[in-house]
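Here is a colleague's note for someone opening this model for the first time. Please keep the sequence and the 3D view side by side while reading.

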Amino acid sequence: MTVKVRLHKYIAANGLASRRAAEKMIAEGRIKVNGEIIATAGFTINPAADKVELDDKPIRAKTTKQYILLYKPKGTLTTVSDPFGRATVMELLPHRDVFPVGRLDQDTEGLLILTNDGELTYRLTHPRYKVEKKYLAYVRGTPTEEKLRLLRKGVTLEEGSVSPARVKLVEQHGENSLLMITIHEGKKRQVKRMCSAIGHPVIGLKRVGFAFLTLKGLKPGAYRYLTEEEVNKLIRLAGLHMATHNRL
Ligand code: URA
């Protein structure tokens, strides 16, 4: 799939002119595409592949897609709005035009991506693309090696068995323990139900990794924009092609 955008719309979308003024710029021969003057109305380009210049200066593509990494604090809901007026993750962000990629329970904290890139969201959350999500689970008691093996094999929940998880006993705190659990599915309350299934209910849960992303440098409630490089890496990881994936 190649994304085609009308040249005057592309110029306008990048904030250089209104659409009418952009049409005039084209008619005046001020716009080049891949080094050639384009003076035809209605010309279409592929923003990911074509080089557009105004008066011989490149137009830098401004993406209107947003990609945000939030350190979701405990107590907030992963939803765009709540009919009961409870605190949502949206209140922590500068934009209201993004959506959470998957979700974390109200009492779970940690890494949450938010974007308005629907195709990427779909793939990052679909088990087929096997994008890893890493959790630190504070559980009651200390699971035996045998119990941990059950998680590694894939325990059975009410809707059937879940895929094998990577599990490590990180440390013991008195009667309780900290487990590092890596999964690539996103079933409702999955980690909590997996731990309950082996008899060690979760007391506290934090998502510390999503694909190659971590919470490094962020405090609970804080966010940052993903870098261009990180977005491109996610796009590749989700099996999308950078040249054709529409980020405008
Ligand atoms: N698993 C859970 O049980 N809860 C979360 O919030 C995320 C994963």
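1. Basis of the model. This is a predicted model, in which local features need pLDDT of at least 70 and side-chain atom pairs count only at pLDDT 80 or more, while totals for chains, interfaces and linings use all residues. Residues are numbered from 1 along each chain as its sequence is written, and side-chain values use heavy atoms, with hydrogens and water left out.

2. Strand S9. The helices (H or I, at least four residues) and strands (E, at least two) named here are DSSP runs, numbered from the N terminus.

3. Partners of S9. Two strands pair if DSSP finds at least two bridges between them. Strand S7 (residues 67–72) runs antiparallel to S9 and is joined to it by 6 bridges, with Lys72 standing opposite Gly110. Strand S8 (residues 99–100) is also antiparallel to S9, through 2 bridges, and there Pro100 has Leu114 as its bridge partner.

4. An open sheet. In the order S3-S2-S5-S6, 4 strands form an open sheet with antiparallel pairing. Its edge strands are S3 (36–37) and S6 (57–58), each of which pairs on one side only. Strand S2 (residues 31–33) and strand S5 (residues 52–54) are connected by 3 antiparallel bridges, and Ile31 has Leu54 as its bridge partner in S5.

5. A buried arginine. Which side chain of opposite charge is nearest to Arg123? Arg123, in helix H3 (residues 118–125), is buried yet has no salt bridge, and the nearest such side chain is that of Glu119, 4.6 Å away. Leaving aside neighbours within four places in sequence, Arg123 is in contact (heavy atoms within 4.5 Å) with Tyr129, Val131, Ala238, Gly239 and Leu240.

6. Ala238, one of those contacts. Ala238 is found in the segment after helix H6 (228–237) and counts as buried because its relative accessibility is 0%. Not counting residues up to four places away in sequence, Ala238 touches Leu120, Arg123, Leu124 and Tyr129. The C-alpha atoms of Ala238 and Tyr129 are separated by 6.1 Å, although the two residues are 109 residues apart along the chain.

7. Salt bridges. The structure holds 13 salt bridges. One of them joins Arg166 and Glu132, whose closest N and O atoms are 2.8 Å apart. Arg166 lies in strand S13 (residues 166–173) and Glu132 in the loop between H3 and strand S10 (133–139), so this pair ties together parts that are 34 residues apart in sequence. Arg166 is partly exposed at 47% relative accessibility, and Glu132 is partly exposed at 33%.

8. Further charged pairs. Lys24 and Glu28 meet in a salt bridge of 3.4 Å, N to O; Lys24 is exposed at 53%, while Glu28 is partly exposed at 44%. A network of salt bridges links Lys24, Glu28, Arg30 and Asp55. Lys187 and Glu185 also form a salt bridge, with 3.2 Å between the closest N and O atoms; here Lys187 is partly exposed at 28%, whereas Glu185 is buried at 8%.

9. Aromatic rings. The structure holds 1 aromatic pair, formed by Tyr223 and Tyr225, which is edge-to-face with 6.0 Å centre to centre and 90° between the planes. Rings of Phe, Tyr and Trp (its six-membered ring) pair if their centres lie within 6.5 Å, and planes under 30 degrees apart count as stacked, over 60 as edge-to-face and the rest as tilted. Tyr223 is partly exposed at 31%, and Tyr225 is partly exposed at 39%.

10. A charge over a ring. The charged end of Lys233 sits over the ring of Phe212, 4.4 Å from its centre, where the criterion is that NZ of Lys or CZ of Arg is within 6 Å of the ring centre and within 35 degrees of the ring normal.

Terms used. Buried < 20%, exposed > 50% of the residue type's maximum accessible area, 1.4 Å probe, protein only. Lys, Arg positive; Asp, Glu negative; His and termini not counted. Salt bridge = Lys/Arg side-chain N within 4 Å of Asp/Glu carboxyl O.
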